Amino acid sequence: MPPQLANGSQPGIDAMYDGQKLIGLFLERALKFGDFTLASGKKSTYYLDGKQISLHSIGLRLVSQGLLELLHDVPFSAIGGMTIGADPIVGGVLVAAAEQGRSLDGFLVRKEAKGHGTQRFVEGPVLPGAKVVVIDDVVTTGGSALLAVDRIVEFGCEVVCVVGIVDRKEGGAANFASRGLPFRSLLSIEDFGITPPAASR
């Protein structure tokens with residue numbers, strides 16, 4: 001009889017993305033209310049801590065499965081984003097791809113160039129000319145993802161899509177569109193019962 005995991009499922013079974021389960025994990029672990037200043041500089045009455053999901057075993061598994069499903073029709077050979085937010089997500093997607101028998105490369109974009117060795121912004125086996133996807137966990141205005149896009153394009157790759165785990169619907173999609181970048185997200189803030197600012201919808 002196959003061994004069971006701690007949650008009662010079997011290894012290699014239940015490999016489909018479960019969006020409702022991911023929403024539940026966000027509500028349980030990552031959504032906080034109060035007065036916050038976001039990385040974009042915007043003020044907010046709520047905060048989504050994506051690392052509470054991407055650094056949790058079940059959360060990362062759901063995100064990774066979901067992203068591969070979300071990108072099923074996008075031709076790409078590598079996925080990456082700004083360190084450190086993208087780090088666990090990239091690792092999770094690579095493992096999920098391997099479980100599907102798919103070869104995929106990852107890359108990480110440094111905020112500052114490495115001070116020794118290759119002295120470059122982009123780390124990983126990705127090569128110039130590759131079609132790549134840029135990932136971010138929580139997208140507000142998209143500034144972090146756009147910086148990653150600039151660095152990987154400068155490196156010589158073609159960005160075919162930007163993806164987020166959650167879209168706060170505060171201008172990110174429009175900023176990507178203005179650069180001709182397709183954007184997809186697993187979830188939006190509306191999945192948690194929160195209405196985004198009207199001007200940014």
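This dialogue walks through a predicted model, feature by feature.

Me: What should I know about the model before reading it?
Reply: It is predicted: local features need pLDDT of at least 70, side-chain atom pairs count only at pLDDT 80 or more, and totals for chains, interfaces and linings use all residues. Residues are numbered from 1 along each chain as its sequence is written, and side-chain values use heavy atoms, leaving out hydrogens and water.

Me: What pLDDT does the protein chain average?
Reply: pLDDT is the predictor's confidence in each residue, from 0 to 100. The protein chain averages 89, and 88% of the residues score at least 70. Over residues 1-14, pLDDT stays under 50. For that stretch the model has 13 contacts beyond four places in sequence. Contact means heavy atoms within 4.5 Å.

Me: How are two packed helices described?
Reply: By the angle between their axes and the distance between the axes. Axes are lines fitted to C-alpha atoms, for helices over the stretch in contact, with angles from 0 to 180 degrees between N-to-C directions. Helices (H or I, at least four residues) and strands (E, at least two) are DSSP runs, numbered from the N terminus. Take α1 (residues 19-30) and α3 (residues 57-70): their axes come within 10 Å and cross at roughly 140°.

Me: Why are α1 and α3 called oblique?
Reply: Under 35 degrees counts as roughly parallel, over 145 as roughly antiparallel, 65 to 115 as roughly perpendicular and the rest as oblique. At roughly 140°, α1 and α3 are therefore oblique to each other. The contact is made by Lys21, Leu22 and Leu25 of α1 with Ile58, Gly59, Leu62 and Val63 of α3. By class, that is five nonpolar, one polar and one charged residues. Ala, Val, Leu, Ile, Met, Phe, Trp, Tyr, Cys and Pro count as nonpolar, Asp, Glu, Lys and Arg as charged, and the others, Gly among them, as polar.

Me: At what angle do α3 and α4 cross?
Reply: The axes of α3 and α4 (residues 87-99) come within 8 Å and cross at roughly 65°. The two helices are therefore roughly perpendicular to each other. On the α3 side, the contact residues are Leu60, Val63, Ser64, Leu67 and Leu68. On the α4 side they are Pro88, Ile89, Gly92, Val93, Ala96 and Ala97. The classes are nine nonpolar, two polar and no charged residues.

Me: In what order do the strands of the open sheet run?
Reply: Two strands pair if DSSP finds at least two bridges between them. Here six strands form the open sheet, in the order β5-β4-β3-β6-β7-β8, with mixed pairing. The edge strands, β5 (122-123) and β8 (183-188), each pair on one side only. β7 (residues 158-167) and β8 pair in the parallel sense over five bridges. The bridge partner of Asp167 in β8 is Ser188. Helix α5 (residues 143-155) lies across β3, β4, β5, β6 and β7, at about 165° to β6.

Me: How many residues lie between β1 and β2 in their hairpin?
Reply: Five, and Gly41 in the turn has a positive phi of about 95°. β1 (residues 31-37) and β2 (residues 43-48) pair in the antiparallel sense over five bridges. Thr37 has Lys43 of β2 as its bridge partner.

Me: Which backbone values deserve a second look?
Reply: Most residues other than glycine have a negative phi, and most peptide bonds are trans. Lys169 is not a glycine, yet has a positive phi of about 60°. Lys169 lies in the loop between β7 and α6 (172-178). A cis peptide bond joins Thr83 and Ile84, with omega about 10°. Ile84 is in the loop between β3 and α4.
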